[in-house]
Amino acid sequence: MKQYRVIIIGGGASGMFAATLLGKTLGGGVAVVERNDRVGKKLLATGNGQGNIGNRDFSLSHYRGEETLLSAVFSQAPQQKNLAHLQALGVLSSFDERGRIYPLSRQASSALELIRRAYLNSGVEEIVNAEVTAVKPSGKGFAVHTKAGDFFAEKVVFAAGGKAGNGFGTDGSAFALVRAIGHSVTPLSPSLVALKADTAYLKNLKGVRMEAALSYRCGKTQLVERGDVLFTDNGVSGDSAFRLSARIPQAFPLSCTIEFLPDIEKDALIALLTEKASAQTFTALELLVSVVHKQLAKNILRALKVAENAPATPAVAKKCAELIKNFPLTVTGTAGFGGAQVTKGGVPASEVTLNLESKLQKGLYLCGEALDVDGDCGGYNLQWAFASATVAAEEVLKSLGV
Ligand SMILES: Cc1cc2nc3c(=O)[nH]c(=O)nc-3n(C[C@H](O)[C@H](O)[C@H](O)COP(=O)(O)OP(=O)(O)OC[C@H]3O[C@@H](n4cnc5c(N)ncnc54)[C@H](O)[C@@H]3O)c2cc1C
């Protein structure tokens with residue numbers, strides 16, 4: 001059985017980042033074990049291939065997870081530290097007007113190339129097509145059984161991700177490995193995912209993208225997510241749908257609303273439309289043309305049961321304005337794990353130390369999406385992957401006495 005000092009399970013964002021840090025200090029004796037035929041498949045797809053690796057607007061409010069753990073991890077591995085490490089690997093970055101950090105090249109592949117270069121040059125091995133099937137405490141370490149053979153490691157870093165984006169190798173099956181050691185996994189649900197909705201009055205908008213605000217009233221709190229809304233075959237996608245998906249309860253159907261024209265107050269819109277309706281003889285459809293997308297205008301009239309060629313009276317103008325600002329949307333579900341960017345749920349914070357060592361099994365460390373932490377859209381999940389990988393890797397080195 002080949003022996004390693006550290007085996008990292010999962011060649012994703014967090015596993016590879018940990019490999020760069022472990023490799024730098026340990027050189028050889030470290031292996032990244034990946035079930036796919038190559039590492040970093042998901043990283044390549046991030047940010048639509050551009051690799052949104054972080055966000056300048058950092059605060060814990062962008063994360064859902066146990067606050068003590070989040071704050072411990074980000075204080076040990078703040079964003080600047082992780083960006084500086086990436087820069088030392090050769091990954092130069094910049095940010096856009098929304099604070100989203102990308103490699104200057106705007107290619108996720110460039111980050112992957114330089115991260116791999118760093119750990120391979122330091123002597124870290126990659127073992128691919130090697131799904132880990134069991135991790136068993138054995139002697140002063142672990143027997144790691146994989147489909148490509150069995151290995152021994154003094155320490156194991158569990159970086160096998162969650163259940164989102166199963167096309168990239170993460171189908172949630174890896175949780176069985178830590179469950180077998182005694183860990184629990186909180187309920188899993190897809191997050192940063194398109195929403196399925198009753199689209200009776202929206203279907204013909206498929207493919208149309210517009211600025212709008214999606215809302216859901218959650219008890220006393222009104223959740224509002226404003227941004228891009230992309231209408232799909234069976235619901236809504238885009239930034240604002242993704243962000244809302246992270247915050248709504250997973251109990252469908254949910255009564256949500258879309259606010260079209262979010263820059264114009266309702267009263268101002270009523271005044272605008274009433275003025276247009278009074279100025280000359282428009283039909284109801286002509287009243288809305290130039291105000292909203294023409295298909296949406298037709299849908300609004302259909303929903304209000306107003307004929308397109310009916311006269312545009314001030315009363316029609318008011319009803320239209322009210323619906324534009326508060327269009328009901330019954331959300332019936334999400335596009336599921338396959339279409340999701342991140343997993344809500346995972347191994348709970350209560351089962352790891354603030355340095356990410358398992359409280360149930362010494363020598364086992366967990367990082368990335370496998371933990372019960374999920375972030376907002378905009379670079380926050382890779383930021384968590386890198387920060388948690390740093391903390392886990394530093395703790396591994398400490399426990400090895402190097
Ligand atoms: C399409 C898409 C776009 C995204 N865009 C962004 C973005 O722009 N910015 C952002 O911050 N976040 C983005 N995310 C989220 C982000 O990519 C993840 O949160 C992050 O990659 C999680 O890192 P991780 O290392 O924990 O897990 P992953 O990157 O998912 O890596 C886990 C690895 O473990 C491997 N694995 C699983 N089980 C086993 C096993 N039994 N044996 C061996 N290997 C195993 C998997 O094949 C995988 O390679 C996106 C996600 C998706 C799906």
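**Exercise 1. Classify the residues of the shell around the ligand, then locate them.**

Step 1. By class, the shell holds 16 nonpolar, 17 polar and six charged residues. Here Ala, Val, Leu, Ile, Met, Phe, Trp, Tyr, Cys and Pro count as nonpolar, Asp, Glu, Lys and Arg as charged, and the others, Gly among them, as polar.

Step 2. Note the basis. This is a predicted model: local features need pLDDT of at least 70, side-chain atom pairs count only at pLDDT 80 or more, and totals for chains, interfaces and linings use all residues. Numbering runs from 1 along each chain as its sequence is written.

Step 3. The ligand is surrounded by 39 residues, the closest being Gly10, Gly12, Gly161, Gly169 and Gly368. A residue is near a molecule if its C-beta atom, placed from the backbone, lies within 6 Å of it.

Step 4. Helices H1 (13-26), H2 (41-45) and H12 (380-400) each give two or more residues to this shell. Helices are DSSP runs (H or I, at least four residues), numbered from the N terminus.

**Exercise 2. Find the contacts of Val157.**

Step 1. Set aside neighbours within four places in sequence. Contact means C-beta atoms, placed from the backbone, within 7 Å.

Step 2. Val157 then contacts Val6, Ile8, Ile9, Gly15, Ala18, Tyr365, Cys367, Ala392 and Val396.

**Exercise 3. Describe the two domains and their contact.**

Step 1. The assignment, automatic or from a database, gives domain 1 (2-189 + 343-400) and domain 2 (194-335).

Step 2. Their C-alpha centres lie 40 Å apart.

Step 3. Domain 1 gives four residues to the contact and domain 2 gives five. On the domain 1 side, one is nonpolar, one polar and two charged.

Note on methods
Two residues are in contact if their C-beta atoms, placed from the backbone, lie within 7 Å.
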